[in-house]
Every structure is written in structure tokens, then in C-alpha cells.
Amino acid sequence: MVNLTIDGRAIQAKKGQTILEVAKENGIFIPYLCYHPALKPIGSCRICVVEVKPGPPRPLPACATYVAEGQEVVTNSERVLAIRQELGKLVLINHALDCPICDKGGECELQDLVHALGVGTVDYEAEPIAPNIDYVSRLIERHPDRCVACGRCVRICRDHVGAMAINFMHRGYYTELGSGLLPLDCEFCGSCVDICPVGALINKVFKYSARAWEVEKTETVCSFCGGGCIYTVQTKNGQIKRVVNEDTVLLCGRGRFGFGVVEADDRLKTPLIKENGAFREATWEEALALTAQRLQEIIDAAGAGAVYGVGSPRATNEANYLFQKFFRAGLGTNNIDNPARLHYMKAIAALAQVFGWPKISGVAGPAGKKAPFTSPYTVAEGTKGQGFSFVLGTLDELPQADLALVIGADLTPEMPPLGWAVMKARQNEAFKLIVANPRQTKFDRYADVSLRCKPGAERLLVAGLIKALLAANPELAPAVTAKGWEEFQEIPKKYGPKEWANRCGLEDFHAFEEAARLLLAAKAPAIIFGTELLGQDKGEQTVLALADLFLLIGHPGTPGSKLYPIAEKANTRGVCELGVLPDRLPGYLPLNADNAAAFFGAKPPAAEAGPTLVEMLDLLEKGDEAAPQALYALGGDLVRWLPHRSRTEKLLKKLKFLVVQDAFLTDTAKLADVVLPVAVHAEQEGTYLSSGGQLGVLAQALSPNGVRPDWKIICDLAGRLGFKMSYRNPAHIFQELSGLMPSWAGLAPKLALPCPAVASEINGEFQPFDVDISLPGRRPLALIIGKSLQHSGSFTTHAPSATLLVTPGAQLRVSPDDAAALELAEGEEAKVISSHGEVTATVKISADLPPGVAFLPEHFGEPAANELTLNSNLVRVTIQKA
Amino acid sequence: METVKPIPQTETMVLNVGPQHPSTHGVLRVEVELDGEVIGRADPDIGYLHRGIEKLCEARTYHKCLPLMNRVDYLAGEVNNFGYCLAVEKLLGIEVPKRAQYIRVIMAEFTRIASHLFWMGTHGHDLGAMTPLFYGFREREKIMDLCEMVSGGRMFPLYFRIGGLAADLPEGFVAKAMEFVREFPDNWKDYDNLLTQNIIWKERTVGVATLTAEEAVDWGWSGPMARGSGVDWDLRRDNPYSSYEDFDFEVPLGTKAGDTYSRYLVRMQEMLQSNRILRQTLEKLPEGPIKVDDPRVSLPPKDKVYTDIAALINHFKLIQEGITPPAGEIYQAIEAPKGELGFYIVSDGSGQPFRVKIRTPSFVVLNATNKLATGRLFADLIAIIGTMDIVLADVDR
């Protein structure tokens, strides 16, 4: 601790704090302009000057001066006040007279500052500069004549977003901030808009639609990825005007600009019933009665096993819990699964093999009365935890890692907050980054080692890394207590270094050695992997390899040193943890768990696992007796997201009855007999469990206008089928579900799993993995189906989502070499043909791709990427001129 | 008058006076229990004119409260703003320029005369003397014209601002005001002739509703009501504000009797004293600015708003967010025509007051109705309401 006085007040501060931070903590007002709590100080505006003794005779900027023992700080001497006033005038010297029409008016830090400093008039004159206003860029408007050159946008873009799209231009009086006299071509996250203290950067979607003091604010959770950012929705007259993150400012493009989807023209407003092959609008009563009647007929004729349920990563924990309750306790079957089976569940299954399924013992509770959305269980002194959930890292601890291996993930498009966490980790100078991907991604520019492998060769990379680790240190022993190390060493021994490198598609083994050196030196290495890897048919094998690597070098006891599988959608992790799975109960409990009966209510516990989503489709294809006759889909557009679209479509048509609950008439909903419209995130209450395990609470900001939240529909339908479920609100449902899940002990809004107070015992078992990476077929190019930065599922592709301005459609990315060989020019239409289908897409030549690899985003209905795939997000294709 | 007989044990009658009755000075309902002609109990029932002014303030910027304040005691519109502005200025720790202080005194003293003239007219009218009303309104009209000159508003000029005044005095104001001041003593004699020695007037007022000085203090009375009972207390002299210490004036006291007639005499004399203050202010009126030179408080001149960014910003902030006094609480009272008008303001540092409590003289005085009326004849109740010089807007707020 450091002792100092500020304005005569004796104050204790931590070493390494700045005077400004200490003053803020103690409620002493020091004005500032260029400083922002989320950014590193640069001390450029000098408004925060204070007198410091002992120190130089001139005043010092409080934001960039550290506290020291015995310091005497004066924040309000006459000299300092005069300096601030004069500086304020100089900032205003050529400021546009725009307050009445400026979007920032009313929340402008410059206004606040000038008014607080008491600057009455600007008695300087300056050469007028013709403002070079940028009206051209998409989503963001730039007014250099309002700029105060604080550099906040530069810093957030460079240090936190990592896009480096804005920088200082010119010098001195002529300084302005911009993108090199060209329209912005960046990630369009808009963080620069919100961090700008003035109106130099303006959100074009929000522009002129509301004033800062007119909006109503509702804190809720973003639903556009698994990151679980908590943001504030600002509404006026029942319409969302903008969303902001009032805490760290950071939001991604789809979070900030994608909210328009809520009022999309093509949203379903009433239930639909299919009659004679065409939909007609129906009342809720009609639609629910028909659904109940048809399901009842099928259950009566073929038993409860004839109904299959598909949960949704878009629906809340509460809705998904009720969904599985409806199937288990209402119908007595385990015939449920969710679309995460195709990606996130592969990671969970592999991690469970290596680290075991999670077990928790010794929690206290359940306590009777708790705050809403708070687990009734608390972590006690003797609480012990085991299993994979204790090697999953939270977003908050990731910046404490000193090395990150990002593999099989284009980080920012998959989960922007994870990208910001890595950027934050980079602020530690010792931090090292290894990026391993078949194509160049944003984070390659920050990587200490970039490993460019063949598509699908990620696990060979891991094997090569293990080989290199052993070469660097033959005595290497697993860092985590684990069985099977001796046998496991056979895998890296299979090939020599050169051979491993070649099989991965690398030229030599040198990069492996370099990466291994970094891994060995790391004290808290983190492993991050995403859906690009998990979506492969052998994704589970790759995760096994990564888990094995973690056993070798991971330090799960050290904060940050964890595994970070990306759960793609808002509640992908929640839908899995809540047991919308055919073989696991909520909390990943096995079907034969001691308290299994609690989940089946009055029905006898069904000990037999139901078919997984993939198996269910196989059963349908075979026309098996066990194949379902009716399917109840809680969102989850199977036709769009499952590989081999034509097959899925064909199989779903075999069903006698299909009911889909969704906000849009999705490709799957088009096949349905009944479609029930649901509320989206800003229209309902409930919780999401983010990829990092954080519980986010949704608050209702908008009226649902006739559509209903999922949980109400499920309750109604269950009641009509003779299974009564009545709940007051989502908090009531959460109370029940968390009471059944000791694994969520200590969980509360904004807190993340696992609770750090749990004493976790982590041990594992090395699992051998498959090293065959061959892609079927002889077509010349490997096509990767992946994510685009501006879209989240198909959700944001509905107009008027503003992100469509940036990415209006899917573009087929082709490497320059391939484009030259195929004689394709940018913007041309090209035909992509696989053995299972073909699509036509617009070509974009991209230097990010190595020759032989092409890329197509998955979000759009046209071209539908899954027309091409078979069982993986990788497929061999032929590309030709259309 | 110690002739009050004990009420005989017979059936009493409850009579409603008001709320709509010309002699109740607004919407006052008095529930009177009568035993024949003698009042056994007189309960004033208030609230008919409650507009929630104090609560409304909490959702407004400090400046936006001013039009509400005008309407607290609507017979003395600008005086309410005087007290409110002084309170907020005290909270801000600022003092308005001398010229503004003098002009405020001018407006306040004119308003005092207007208010007293209205009282005299209606009080006389209530008790059967119709002529004072006409004479009183003759001079009151001239004051209204002066108010109209400064801002356009007659009853509610809305001329004061936190930090000073809306604008300087218009050309010709001082001359016209001086003319009023010169003529007023002669006009005053007209009223004096009508009532002071009028036998009917004296019969109706002497010895009616007496209160000793001690009791008056106990009841919390202030202003002419207290001075009518001989309490020597005037905030202008004893706790001067806005340069009242610069002027010579006397504080007229009533007779020992503390009756309605005594209070009549006090108010009549006060008009002359106000006139005396007015003469001094108009003669000594200094030159200079009319609002404080602090961009955090005073609006910039409009032409600057269009040309100077700092002025534009300050204008924007003052209009949108308002002035932001530091967190704290303050009490400021002034000598209003009806007595001590106090403002208790709590600031939480934001642009809107956290709480505004207005201590109005009418409310305090009205409390004593039962005390004054019990045992008196019913006809005296009209004299009592008249002498209290209440305005129900001031009671209910």
C-alpha cells in the first residue's frame, strides 16, 4: 500500500495505480477527456492535470502519473483550474457548432467537460478547416470537425478489437482520425462509436432516431453468439433504437447492429397450420389444439417413443428444461437431442472421455429462499468437483493465460468476446499466441507461431506438437495426473518429424519445434478451439487430441490455463447442460443416476438412451420401427444446419407430423404441419448459459406482440396432452431446475461456472485418436463451410438487420492461385459442385486462403452451403464458371 | 372581548362554508359547528387547490420549477420566485450582481403593495365595504402594468432567474415606477379615509380574533400576522437578503390587542414602508450586469449561442440537463407579503431537485382558524378569513 494525500485528504492506494484511478475511487472529481477506464492512458488531452509534490514544478496528468509514497496531490488549485479552462478552450478552438443536431448531444463528454470547467466563451481564433466528413462508410459516420483527437477510438480498435482500422492522420492542428481517406472497411463492430467522447463517430442506424435522454434502458443478454455479453437495450416507443455495452463498451457488429431482426418483416406473427400443402394463419387455440390432437393420435397408436424432440440453442434454459421435462416426465421417453450434437457435443463427448463426466459433492443446500435466477445450492468448504467441467475456462480468466493455442477457429466471427479476451491477454508482454488453422484468420497477425495445416489436419498438428514436445524434452511427464501416457506415446512415434509435417501440410518441422518451445515455457497455457474444427465428422477425435495435449502441458490449477471449446449460439452450452440429450439428464447426469427418478416425475425412469439426432435420421432413412413418426422442434433449423441438406429434407418429409416453434418460417418450418411463432431475446425473460459458463439474465424490453415465449407454449401443449405444468414465470422454472442441479452450485446472474471456490481434482486418461484425415472424393478443392463476422446463424440475415449492409450475402472465397487457374474473376458467379449437390455463389478472391482451399459462409438460404456437405463442414468440390 | 358565554348544552348544527364561496379566498372549506350564532368549532378543510407543486419539482430542472413557484401565492407571483431563486443560489454558493439584487427588491416591494391592496379590497368587501376594493384595484392595476413592462406577464411575470434576471429593466420603467411611488402616499390616504376611522369597520374588527405575541410565536406565525400581535420580527431587517440592508425602513407593529384591526393597521403601514423602500431602490439603482457571470448557471446571450461553441454547449447543457448544484440541503426564507416564505431544497447533485419543501405562511396561519374562531359569532369567521390574508394556492401548493 502507498500513503498519499489528495487535496489534504490522507488516502491509501495500491501500488501501480494512477492518481486519477485513486481519486475516482475516493470520490474526488478530476475532469478528463482522453482517458477511459477500459483503455490504457496516453495523457494526450492534459485536462486531468494536478499539482504533485514532490515532483516537477509543472502540473502532471493524473491519468498517467502513478501514486507514490508521501505524495501530496492538489487537484483544484487556481493554477490547475486555469490551465484546464484554457485547455478546454483550445479543444473547442475549431469545434463544429453541431450540438443541436449531433447525435451525442446530451451524452457528450465534451459538453459535460466544458460545462463543468465553466468555459463561457472561446476567445481564440483559428484557421477554419473544411471538414472532410465521411458519409460513405457503412454503419459508421465520421465527422472530423467534431473530433477532439483523444485517440480513444484508435486505442480500442487497436488494443481491444484488434482491427486497427482507425488511426491518426496528419499532425498538430491538422490532426484527424480516420481510415486513410478511404471509407471504413473494418469489422464494423461500432466500438469506436461508443467510446468516442464526442460525436465524431456516429452510429448510422441510431442517427436522428432518439436522444440520449429519451430512451428507456433494459439490461439483457446478447443472443448473437455464445459469448453472453451483457448489454443495455435502449428503446423508445416500443422499438429498439440501439444497444450499448455500458461497461466495457465492446460489442461486435452483429450485437450492436443486428437487433433489427426483432422487427423483421418476415417474422411470424401468428401460428400457421398447413392445409393441402399450403400454410394458413391460425389462432393459438386452433394451432395448439391441432398439435395436441395429432401428437395424441400418434402416441396412442405407436407409443410415446414415436415422438422425437429437438431442443434449441436459441431458447432459454427455462424453455429447454421444460422441453426435456415434457419428454421425460410427460411422455416418459429420452427421445430428445439438440443441434449442438453436430459440434459442441462432440467436444463434450471427447472431454468426458479424457477427464470424465462432471461430478460434484459436498455442496450446501438447497436453501429455501434465494434471489431470482440464483442457484439454491452454495459451494461449501468441503465441496469437491471432478470431471471435464472444471477444465473449461471462463471468459474472465482467459486474459490471465500466458499462452493461447487457437486451433480450428476463426476466433472473432465465431465468438467475438473470446477475441477481445485474447486481445486483453496480449496486453501482458509475456503472452504468446499460437494460431493453427487451414486458412489465415485475423489472429494470425498477432501470432508468435502460425501453423497453416491442411483442412481437417488439426489433430495431426497436435500429434506433431506432442512429437516436438517430446523431442525438446524426452523426460516430459504429463502436467495433469493422467493414466495411459506410456501407451499414448505410440501415436507420435508413428511417423518421423518430417512425415508429420508433410501430413499436416507444413513444409518442415521447424514451426512445431518453435511452438513446442513456447508451450514448454508457458506457465498457464490455454487451448481455444471452435466450430470449424468441431463441425468436421471426426471433430470428436480432434478434441481428444487437444485434451491429450492439455493433459501434457495444461495447468488447470492456474487461472486461465483451461480449455475453451466454443459453444456457438447464445445457449448452446445451456441446452446441453440442461440435458436436452438422449443419453444424459440435466447436469450431464447419467440416465441411471441415483436421483434419475426426479426427472421423470410420475413416469418410470427410462433407463435406455434415445437415438441421437444423427441416429434418428438414420432410423428414418432405414424406415426402422424405432424411427419417430412425429417431431417437435423447439427452433433449431435442421434443414439449414445439418449437413447433406437434401437428405434431411427428404427424411423430415417422411414424418407423419412435424411441429416447429420458431420466430421465422425457416427451411424446416416450411416442412412443418404446424408452426408456432415465438418471442426472441428482447421480448422475453429467462437465462442463457454462455460458452464461458456465465449465467446471463434476459429482461423483457419489448412487448411480444402476439407471439409467445417458448416456455408458455410448452406448458400449454403439455397440459393439453394431460401433463400439467404450471409456472408463474421463468424465475419460477429456474428455481425448480437449479434445485435439481447441484452442479450449478453458486451460480447467479453474471457469475460463471465452475465456481472458483470448488476444490477441483483434475485427472484424466490419455485417449488415442484417429490420425486418418482423408476427405472422401476426388474433387480438386477442399471447401470449408464456416462463419462470417456479421452473422449469427440465419438470425441476422433477415432484413432490416443492419449487418446486411456489410455482408449482404454469402461469397465463395477462392485463393488467388485457384481463381487464376479456374479463370474466375471477383464478383463472377461460380458453380460449386460436390458429390451431393451443387450451388451457385459469387466469387471473392481472398489471399487468406492457401491454394486448394475454398470457403463458403453457412448463414444464407441462397446459396445453401449444406447442399454440398455429407457429414462434415469440410467437403471436396469442383468449382467452375457458372 | 371576554364576553364569550359557555355554549349551552343544546343540539349544534354543522355548516359547510365553502369550498366555493366568495369570502373563502379560493377554494377553502370550513366545517363549522354552530350553536345558534356562536361557533363551537371551525375546521378548515384544505387540499382543493393542491397541485403537487413540490412533487412536480422533482421531475424538473431547477429552472423549470420557476413557473410552478409563480403560482404558489398567486397574488404575489414573483415573490415566490424570489425565495426560490435565493435558495438555489445559496445552494450554488453564488450571489447575484448588485443591480439584479436591487431590481429584485423593486419587484418584491411592488408585489407586496399589490398583494396588500388586494387584501385590503377583499377584506373590506367581505365585511361590507365595497369602495376600498375599487380604490385598491386602481393602484394594483398600475403595478400589474409595471410587471407587464418587464416581462409581458402581469400576475406571473416570471422575470427572476436563478443567477439573476431574465433581462434588464425596459426603457421607461424607472420613470413610470417613480411616478407610482410619488403618487402612492396620496392614494394611500384614500384607503385610510375609507376604513381606519370607519365605525362599522372598527365594530367588525376591533377585538375580533385576538392572539398575544407569545401565542403568535407558538403558532408559528410570521409576517404581518405576527407583527399585528406585536412580534417584532421582519426577515428583511433581521436576516437581510438581496441588499435589504442598504435601505432605510421601519417595521410597523400592531397594537397590544393583537386583533383584526391591529393587523389591518400593520398592513396599511407596511404599504407605506414598501413605498419608502421603492423610492430608495429606484434612486440608488446601480448600473451593471443583471446575472452572474458563471456559464454553469446563467444562459449565454442568444447571439453567442449561434456563433460560439462554448456558449452553445453551455446553452445545451443548461436547457437539457439544467444547473447542477452540489449535493446538499439548504433552507432560505424571505419576508413575503404574507409572512415567512421558506424553501427547503435537497440536491443530490443532479439537474433536478431531490426534494423541494415550501414553507408557506398561509398554511401556518390557517392552522389557527379554530383557535381564533371558537366562541365567536359566525359573522366573525368572515373577518377572520379576511384578516389571515390567506391564498389557498399558498396553503395547498
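Select Pro754(A), in the loop between α25 (730-739) and β32 (759-761) of chain A. Helices here are DSSP runs of H or I with at least four residues, strands are runs of E with at least two, and both are numbered from the N terminus. The peptide bond that reaches Pro754(A) from Leu753(A) is cis, with omega near -10°.

This is a predicted model, in which local features need pLDDT of at least 70, side-chain atom pairs count only at pLDDT 80 or more, and totals for chains, interfaces and linings use all residues. Residues are numbered from 1 along each chain as its sequence is written, while chains are lettered from A and ligands numbered from 1 in the order in which they are written.

Next, go to Pro863(A), in the loop between β38 (853-857) and β39 (874-881) of chain A. Glu862(A) and Pro863(A) are joined by a cis peptide bond, with omega about -5°.

Now pick Val249(A), in the loop between β12 (239-244) and α6 (253-257) of chain A. Its phi is positive, about 75°, although Val249(A) is not a glycine. Is Val249(A) buried or exposed? Val249(A) is buried, with 21 other C-beta atoms within 10 Å. The cut-offs: buried takes 20 or more other C-beta atoms within 10 Å of the residue's own, exposed 12 or fewer, partly exposed in between, with C-beta atoms placed from the backbone.

Move to Asn705(A), in the loop between β31 (695-698) and α24 (710-720) of chain A. Asn705(A) also is not a glycine, yet has a positive phi of about 50°. It is partly exposed, with 13 other C-beta atoms within 10 Å.

Switch to chain B and select helix α5 (residues 131-151). Its 21 residues reach 31 Å from first C-alpha to last, close to the 30 Å expected; the expected span is 1.5 Å times one less than the number of residues. Its buried residues include Gly136(B), Ile143(B) and Cys147(B). The buried residues of α5(B) pack against α4 (98-126) and α6 (173-195) of chain B. Just after the helix, Gly152(B) takes a positive phi of about 100°.

Finish with the cores. A nonpolar core is a set of buried Ala, Val, Leu, Ile, Met, Phe, Trp, Tyr and Cys residues joined through C-beta atoms within 7 Å. The largest has 267 residues, and Leu465(A) and Ile528(A) touch the most other members. Helix α18 (residues 539-553) of chain A gives the largest share of this core, ten residues. A second, separate core of 100 residues includes Ala42(B), Val88(B), Cys147(B) and Ala383(B).

How values were computed: Two residues are in contact if their C-beta atoms, placed from the backbone, lie within 7 Å.
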